[in-house]
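Keep the viewer open and follow along as we go.

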Number of protein chains: 2
Amino acid sequence: MRKKDIYFMQKAIELAKKGQGKTSPNPLVGAVIVKDNKVIAKGFHKRCGLAHAEVVALKKAGAKAKGATLYVNLEPCFHFGRTPPCVDKVVESGIKRVVIAVKDPNPQVKGKSINKLRRNKIKVSLGICKKEAKAVNEVFFKNIKDKFPFVAAKVAQSLDGKITTSLGQSKWITTDKSRYLARKLRDNYDAILVGAETLRKDNPKLNGVEKIPYKIIVSSSLDLPKNSYLFKNFADSTFIFTLKGPKVKDKLPDKIKVFQIKANKREVSLKKMLRKLYQLGVMSVFVEGGSDTLGRFFDQGLVDKAYFFIAPKVFGGKNSLTSIGAGGVKQIKKSHRLINLKIRKIGADILVWGNLKR
Amino acid sequence: MRKKDIYFMQKAIELAKKGQGKTSPNPLVGAVIVKDNKVIAKGFHKRCGLAHAEVVALKKAGAKAKGATLYVNLEPCFHFGRTPPCVDKVVESGIKRVVIAVKDPNPQVKGKSINKLRRNKIKVSLGICKKEAKAVNEVFFKNIKDKFPFVAAKVAQSLDGKITTSLGQSKWITTDKSRYLARKLRDNYDAILVGAETLRKDNPKLNGVEKIPYKIIVSSSLDLPKNSYLFKNFADSTFIFTLKGPKVKDKLPDKIKVFQIKANKREVSLKKMLRKLYQLGVMSVFVEGGSDTLGRFFDQGLVDKAYFFIAPKVFGGKNSLTSIGAGGVKQIKKSHRLINLKIRKIGADILVWGNLKR
């Protein structure tokens, strides 16, 4: 039974992943309906506002759902949101057993649907592939738990941790293949964030492969180039976070959305900024640099996940820019540790990624 | 035939590796004698001054060598060195065929033994597993080609390329397992080299797991702690390289061997130092730091191989010490590239190593 359950739950998780980057603020959910060891219907949540995974699968199964088992990586919803509660649809369907990877942490659900299923004589198995299910919805779990965006950091560096040579050259450190994958990663997050220095120096586009994410610039001084690519082409999806102060608007093109945030050590408070972004519906932020901006995110313990693209090249140089700057930790035991570490060769480069230990 | 040859040559190479760290200035050689698809005798070169691999194997085989095939990863020697020429022993043995991975680059040999074997009606096949055979003797090939020591660099750093925190803490970045492996690597080289700053700060022992290698300190100023562990315990195997200047000896304990070298940009010329070391019989140097010393080796293109032990931790900090300091490259296209790149997880850490591209 357990082996079978794992097999079909992994299918549900694979389906859930198909919605990656598109369901925010909703979680990623996949559902598989199984009868006599065969998948008879499947579904996943495609986009916020569209049908939930269970409903998609149940609709496909129709009358065949009677007596079948439903595998779903997250507890079905109990509440009216943009769509009616899934739990009722499951009860009505004649499904005999529901296998759930993990409880929905949302206080509006959190076990209520499981109880309702059981009250309706449906057998419920909870906890199959729980770890993978939590990982696939790491953004959602963070959002619900902390009412705060999930923060991922991305770095492209030399083997010795530099992002520029001693003369400041930074293009390109990693190969095309790594840079394409880095752009694809952008598709998984609601917003891409860079510091003012990166905007000035690189004039980036900050787009994904299949998505135009929000673009966030952090700038205490607002000393930004008015003719930057983002301001000219993506003013409506670009947010600037700066300090409270007068005449802020005069310094920038009209269309740009500017948010004034209280200072933390004379810089824009990153925590306050992230709280504001959460209110605005930005559930996840992909921080791409530069050195000082990334350093401040790490210094303040705000990073949930980090991707290091490492080129097998040594730059050397005591004055070459380090990938993670700002203050840094004082003691090794306070360093920011990556767990669930993964390593992959990306062409000639190495990608190391993991979650930050809390 | 080719598949068989590869199979037995790989055995010879594995045998050769057993001498690692012990044969200097001789190459690593393994020999396998095969008859009817079976290994009838094997041998490897254990230590400089002891018998060569072929002779060990032939002695074991005795009369059975007649008609057999000898596999050896390097061309047998042609000249009288510490032992008589192996090629003559092979001819006398009755061996019918010799499979050699790579020619001995030494001008005293370089094909002469192959010719002699052929003149004696012994069939010779050359080039099987050539790449692996050159890799296993990378030190020897470098020595013969350039009359210069082979230089390997070792770094233990955070994921973001730091070797200290912002407060200068450096112990320990990597795990016990990594540090043990790093000590084992020392066994493969004749000498371990550190800069004066590392001696002052870390007071290191610089020993291997099974070997007391030569210990080399580079110090332009000779401002060294007289009661350092090395001076007290290993004065006879410690060399100090400093600049030419008067009264050098007064600054150090009597027993210490001091070499005065011409300056290069006011620092000890590393090239001249390495040339001197070669004259002294030091065929390979393992450079362990610190930041500035490693940076200078890279800046001057002196590194043949590099080992990066990377802890999955972020230190951050613009003032935290970088693993590879000094000047650094100006342009990315001039960066020092690692080829034959290998990646391995060492417990929680990551080891990345490779050869420097020329």
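Ten strands make up an open sheet, ordered E15(A)-E16(B)-E17(B)-E14(B)-E6(B)-E13(B)-E7(B)-E8(B)-E9(B)-E10(B), with mixed pairing. The edge strands are E15 of chain A and strand E10 (257-261) of chain B, and each of them pairs on one side only. Please keep in mind that this is a predicted model.

Strand E15 (residues 313-314) of chain A pairs with E16(B) in the antiparallel sense, over two bridges. Look for Val314(A) there: its bridge partner in E16(B) is His336(B).

Now step back to the wider interface. Here 46 residues of chain B are in contact with 46 residues of chain A. On the chain B side, several elements each supply at least two residues, among them strand E6 (150-158), helix H11 (291-299), strand E14 (305-311) and strand E17 (349-356). E16(B) gives the largest share of that side, six residues. By class, the side of chain B that touches chain A has 18 nonpolar, 20 polar and eight charged residues.

One residue in chain B deserves a visit of its own. Tyr189(B) lies in the loop between helix H7 (176-186) and E7 of chain B. Is Tyr189(B) buried or exposed? Tyr189(B) is buried, because 28 other C-beta atoms lie within 10 Å, and the cut-off for being buried is 20 or more. Leaving aside neighbours within four places in sequence, Tyr189(B) is in contact with Ala152(B), Pro213(B), Ser284(B), Val285(B) and Phe286(B). Tyr189(B) and Phe150(B) are 39 residues apart in sequence, and their C-alpha atoms are 8.8 Å apart in space.

Let's move to chain A, where another sheet is waiting. Five strands form an open sheet in the order E2-E1-E3-E4-E5 (chain A), again with mixed pairing. Strand E2 (38-44) and strand E5 (123-126) of chain A stand at the edges with a single partner strand each, so one side of each has no neighbour in the sheet. From one strand to the next, the twist averages 15°. Inside this sheet, strand E3 (residues 69-72) of chain A runs parallel to strand E4 (residues 97-100) of chain A, and four bridges join them. Val72(A) has Ile100(A) as its bridge partner in E4(A).

Helix H2 (residues 53-61) of chain A lies across strand E1 (30-35), E2 and E3 of chain A, running at about 135° to E2(A). H4(A) lies across E4 and E5 of chain A, at about 150° to E5(A).

Helix H3 (residues 86-93) of chain A and helix H4 (residues 112-119) of chain A pack at an angle of about 20°, with their axes 10 Å apart. That angle makes H3(A) roughly parallel to H4(A), since angles under 35 degrees count as such. The crossing of H3(A) past H4(A) is right-handed. Val87(A), Val90(A) and Val91(A) of H3(A) make the contact with Ser113(A), Lys116(A) and Leu117(A) of H4(A). The residues of this contact divide into four nonpolar, one polar and one charged.

Our last stop is strand E9 (residues 238-243) of chain A. Five of its six residues are buried, so E9 is largely enclosed by the rest of the structure. Strand E8 (residues 214-218) of chain A pairs with E9(A) in the parallel sense over four bridges, and Ile217(A) has Ile240(A) as its bridge partner in E9(A). Five bridges join E9(A) to strand E10 (residues 257-261) of chain A, and these two strands run parallel. There, Phe239(A) stands opposite Lys257(A) in E10(A).

Technical notes
Residues numbered from 1 in each chain as written. Chains lettered and ligands numbered in written order. Predicted model: local features only at pLDDT ≥ 70, side-chain atom pairs only at ≥ 80, totals over all residues. Axes fitted to C-alpha atoms, helices over the stretch in contact; angles between N-to-C directions. Parallel < 35°, antiparallel > 145°, perpendicular 65-115°, else oblique. Left-handed = near helix turned anticlockwise from the far one by under 90°. Contact = placed C-beta atoms within 7 Å. Nonpolar A, V, L, I, M, F, W, Y, C, P; charged D, E, K, R; others polar. Pairing = 2+ DSSP bridges. Buried ≥ 20, exposed ≤ 12 C-beta atoms within 10 Å, placed from the backbone.
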